[in-house]
Amino acid sequence: MTTATEQVRPVEPVRPHEPLAPVHVQTVEGFGTVRIDPVDPDRDAALVHGWVNEDRARFWGMGGTTVEQVREIYAHLDSLTTHHGFLVRRDGEPVALFQTYEPSADRVSEVYEVEPGDIGVHILIAPAATPEPGFSARLFVALTAFALTGRTRAVAEPDAANEKAIARLVRAGFELGPEVVLPEVDLPEVFIPEKRARLAFLTR
């Protein structure tokens with residue numbers, strides 16, 4: 001997924017007082033250095049809470065949550081081996097929430113045929129004081145490079161009514177698939193309501 005205009009740097013070592021090491025660091029020319037860290041539920045809950053409770057993030061499905069509920073949600077995610085949450089920074093500033101998951105261990109497996117090498121992705125871009133043309137496209141260069149490391153295809157399933165997210169995926173090179181209905185998940189640890197979604201695929 002990288003080109004001659006992008007440089008992938010080795011992952012930096014853990015520094016003092018840094019509880020989690022980055023999983024990916026990449027410099028994208030004309031954009032900056034993108035660093036992807038695992039979400040730290042205690043450290044990041046307040047920041048993520050502010051993002052997910054904005055109206056623009058209504059499709060993320062966490063509106064109305066408290067800081068403690070956000071911490072619990074990401075602590076649960078952190079306990080899983082199939083689903084992972086990441087905080088994305090550009091030049092040190094938090095700019096996005098990125099999640100990856102094994103489609104075979106997710107409800108999406110009920111609406112499409114999972115293939116070996118698939119990885120599921122969710123992306124929430126943070127609010128910006130000033131819109132920056134081309135921001136999401138250049139950010140996706142690093143996100144897809146990370147997600148597709150050792151994989152062959154990324155799968156996304158934004159809400160079918162989320163036209164901005166769907167358009168963003170298309171600009172990033174995803175091919176749209178069918179509209180589907182993801183069944184609700186009702187477990188002791190989590191409840192996720194039914195969702196009408198639009199599948200999208202990016203093949204490496």
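Author: The expected span of a helix is 1.5 Å times one less than its number of residues. The model discussed here is predicted.

Reader: How far apart are the end C-alpha atoms of helix 1?
Author: Helix 1 covers residues 41-52, which is 12 residues. A straight helix would reach 16 Å at 1.5 Å a residue. Helix 1 falls short of that, with its end C-alpha atoms only 14 Å apart.

Reader: Where do the buried residues of helix 1 lie, seen down its axis?
Author: The buried residues of helix 1 are Pro41, Asp44, Ala45, Val48, Trp51 and Val52. Seen down the axis, these residues fall within an arc of 135 degrees, so they line one face of the helix.

Reader: Is helix 3 largely enclosed or largely open?
Author: Among the buried residues of helix 3 are Phe135, Ser136, Leu139 and Phe146. The count is 11 buried out of 13, so the rest of the structure leaves helix 3 largely enclosed.

Reader: Which helix gives the most to the lining of the largest cavity?
Author: The structure holds 1 cavity of 30 Å³ or more, and the space in the largest cavity is about 40 Å³. Its lining includes Phe140, Leu143, Thr144 and Ala147. With 4 residues, the main contributor is helix 3.

Reader: How many charged residues are in the lining of the largest cavity?
Author: Phe98, Val121, Ala154 and Phe174 are also among the lining residues. By class, the lining has 7 nonpolar residues and 1 polar residue, and the number of charged residues is none.

Reader: Is aspartate 91 buried or exposed?
Author: Aspartate 91 sits in the loop between strand 4 and strand 5. Its phi is positive, about 50 degrees, although the residue is not a glycine. Most residues other than glycine have a negative phi. The cut-off for exposed is over 50%, and aspartate 91 has 52% relative accessibility, so it counts as exposed.

Reader: What is the distance in space between leucine 80 and tyrosine 101?
Author: Leucine 80 is in the loop between helix 2 and strand 4, and at 28% relative accessibility it counts as partly exposed. In sequence, leucine 80 and tyrosine 101 are 21 residues apart. In space, C-alpha to C-alpha, the distance between them is 9.7 Å.

Notes:
Residues numbered from 1 in each chain as written. Predicted model: local features only at pLDDT ≥ 70, side-chain atom pairs only at ≥ 80, totals over all residues. Heavy atoms only, no water. 1 Å grid on protein atoms, 1.4 Å probe; cavity = no way out; pocket = protein on both sides within 12 Å on 5 of 7 lines; lining within 4 Å. Points joined across faces, edges and corners; volume = space filled by probe spheres on them. Helix = DSSP H or I, 4+ residues; strand = E, 2+ residues; numbered from the N terminus. Nonpolar A, V, L, I, M, F, W, Y, C, P; charged D, E, K, R; others polar. Buried < 20%, exposed > 50% of the residue type's maximum accessible area, 1.4 Å probe, protein only. Arc of directions from axis to C-beta.
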